[in-house]
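Visitor: I have a model open and want to learn how to read it. Where do we begin?

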Amino acid sequence: MPAPSQTAFTGRQHSLLEDAYALVIGCILIVLGLVLLKSAGLTTGGTAGIALLLSYLVPMPVGVLFTLINIPFFAFAQRVMGSRFAIKSLLVNLGIAGLSMLARASFHVVDIHPAFAAVFGGTVIGMGILALARHSAGVGGTGVVTLWLQRSRGWNAGRTQAAFDVVILAAAIPVVSAAHLAWSALSAAAMSLVLVTWHRPGLYIGH
């Protein structure tokens, strides 16, 4: 008997518990990645990169800056992605802010090679964003725009994010050294590669 095609599977709606668990895991991964990158003096792409960049100029936890940056995007998310997405994204940002402050009070990374921070930090942030996107949530900022463009235009979220990342990394030139900028570009590539590989239209049948 031939194997059923992917179109034979319609998927099912995630339960409330599954959504909640995925959002917590996504927040944890994003905060962990931010801690690794911050400890190495790096930045990255997306809203995370903007927050890291500002954290070197403003004495505030990077997770709190992350949430503050996203505030203007919640109205856009509600309009183009729906109230459910916007509410989930707001909860995600509050979770990231809270976990960021908890991480800051709980542990400190005192010695980390920038190559390790770039690859591992960028990858775990990407996996966190992927976990959120699979459960109809986002981190806000450029992530909302890329998800909207993927839904409305079919543009690959990872490739669109990479274009935004180029602009964000260019803005980091006056703030970080050339070497750190190169490692930061690697972290942005690692983050985007996760989305390019696993967040494509039609690849996932869950809702």
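Visitor: Does Asn93 count as buried or exposed, and why?

Guide: Keep in mind that this is a predicted model. Burial is read from relative accessibility, and the cut-off for buried is under 20%. Asn93 has 0% relative accessibility, so Asn93 counts as buried.

Visitor: Which helix holds Asn93?

Guide: Asn93 sits in helix H4, which covers residues 83–106.

Visitor: Which residues does Asn93 touch, leaving out those up to four places away in sequence?

Guide: Phe66, Thr67, Asn70 and Phe74 are on the list, along with Gly138, Val139 and Gly140.

Visitor: How do the axes of H1 and H4 cross?

Guide: Take the distance and the angle together. The axis of H1 (residues 16–39) comes within 9 Å of the axis of H4, and the two cross at roughly 45°. That angle is why H1 is oblique to H4. The crossing is right-handed.

Visitor: Which residues meet there?

Guide: From H1, they include Leu23, Cys27, Ile30 and Val31. From H4, they include Lys88, Val92, Ile96 and Leu99. By class, the contact between H1 and H4 has ten nonpolar, two polar and three charged residues.

Visitor: What is the secondary structure of the chain?

Guide: Eight helices and zero strands. Of the 207 residues in the chain, 47% are buried.

Visitor: What share of the contacts joins residues 24 or more positions apart?

Guide: Among contacts with a separation of 6 or more, the share is 76%.

Visitor: And the accessible surface of the chain?

Guide: About 10,300 Å², with 72% belonging to carbon and sulfur atoms.

Terms used
Residues numbered from 1 in each chain as written. Predicted model: local features only at pLDDT ≥ 70, side-chain atom pairs only at ≥ 80, totals over all residues. Heavy atoms only, no water. Helix = DSSP H or I, 4+ residues; strand = E, 2+ residues; numbered from the N terminus. Buried < 20%, exposed > 50% of the residue type's maximum accessible area, 1.4 Å probe, protein only. Contact = heavy atoms within 4.5 Å. Axes fitted to C-alpha atoms, helices over the stretch in contact; angles between N-to-C directions. Parallel < 35°, antiparallel > 145°, perpendicular 65-115°, else oblique. Left-handed = near helix turned anticlockwise from the far one by under 90°. Nonpolar A, V, L, I, M, F, W, Y, C, P; charged D, E, K, R; others polar. Areas by Shrake-Rupley, 256 points an atom, 1.4 Å probe, with all protein chains shown as cover.
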